[in-house]
Amino acid sequence: MLADGHRDEVMLAIRRVTAAFGGVQAVAERAKLNTQSLYRTLSTAGNPELKSLRALLAAMGLRVAVTPL
């Protein structure tokens, strides 16, 4: 999706998966991230750093993958 420029759709998917894993507070604790910071990161105006994104996804058993076009 990122290749198509649909960043908003990726962020929406991450917000939904976060909700499915118990919500922001539960995932923030597992990821060892600040809860308020994670709320801002996952907001519609959020722009997560790769480090935060990796920690967030890892807390849910997921990872970032890069593949050739």
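Analyst: Buried means under 20% relative accessible area. G23 has 16%, so G23 counts as buried. G23 sits in the loop between α1 and α2. Keep in mind that this is a predicted model.

User: How do I read confidence, then? What is the mean pLDDT of the chain?

Analyst: Where pLDDT is low, the predicted coordinates should not be read in detail. Here the chain has a mean pLDDT of 90. Of its residues, 93% reach 70 or more.

User: Which helix has the highest confidence, and which the lowest?

Analyst: Helix α2, residues 24–31, is highest, at 96. Helix α1, residues 7–20, is lowest, at a mean of 92.

User: Let's take a residue in helix α1. Is T18 buried or exposed?

Analyst: Compare its accessibility with the cut-off for buried, which is under 20%. T18 is at 1%, so T18 is buried. The residue belongs to helix α1.

User: Which residues does T18 touch?

Analyst: Leave out residues up to four places away in sequence. What remains for T18 is G23, V24, V27, L42, L56 and M60. G23 is the loop residue we began with, between α1 and α2.

User: And how do I read a polar contact? What does the side chain of T18 lie 2.8 Å from?

Analyst: Look for paired polar atoms. A polar atom of the T18 side chain lies 2.8 Å from the backbone oxygen of I14.

User: On to charges. How many salt bridges does the count come to?

Analyst: The count comes to one salt bridge. The side chains of R7 and D8 form it, at 3.4 Å from N to O.

User: How exposed are its two partners, D8 and R7?

Analyst: Exposed means over 50%. D8 is at 56% relative accessibility, so D8 is exposed. R7 has a relative accessible area of 29%, so R7 is partly exposed.

User: Sequence distance and space distance can be read side by side. How far apart are A45 and D8 in each?

Analyst: A45 and D8 are 37 residues apart in sequence. Their C-alpha atoms are 9.4 Å apart in space. A45 sits in the loop between α3 and α4. At 70% relative accessible area, A45 is exposed.

User: What about G23 and Y39?

Analyst: Those two are 16 residues apart in sequence. C-alpha to C-alpha, G23 and Y39 are 9.9 Å apart.

User: How far apart are P68 and T41?

Analyst: Along the chain, P68 and T41 are 27 residues apart. Their C-alpha atoms are separated by 27 Å. P68 falls in the segment after α4, a helix that spans 50–59. P68 is exposed because its relative accessibility is 76%.

User: Where does T41 lie, and what is it in contact with?

Analyst: T41 lies in helix α3, residues 35–42. T41 counts as buried because its relative accessibility is 15%. With neighbours within four places in sequence set aside, T41 is in contact with M11, G46, N47 and P48.

User: Now a backbone feature. What is the phi of K32?

Analyst: K32 has a positive phi of about 60 degrees, although K32 is not a glycine. K32 is in the loop between α2 and α3. At 74% relative accessibility, K32 is exposed.

Key
Residues numbered from 1 in each chain as written. Predicted model: local features only at pLDDT ≥ 70, side-chain atom pairs only at ≥ 80, totals over all residues. Heavy atoms only, no water. Helix = DSSP H or I, 4+ residues; strand = E, 2+ residues; numbered from the N terminus. Buried < 20%, exposed > 50% of the residue type's maximum accessible area, 1.4 Å probe, protein only. pLDDT = per-residue confidence, 0-100. Polar contact = N/O pair within 3.5 Å; in protein donor to acceptor, adjacent residues only side chain to side chain. Contact = heavy atoms within 4.5 Å. Salt bridge = Lys/Arg side-chain N within 4 Å of Asp/Glu carboxyl O.
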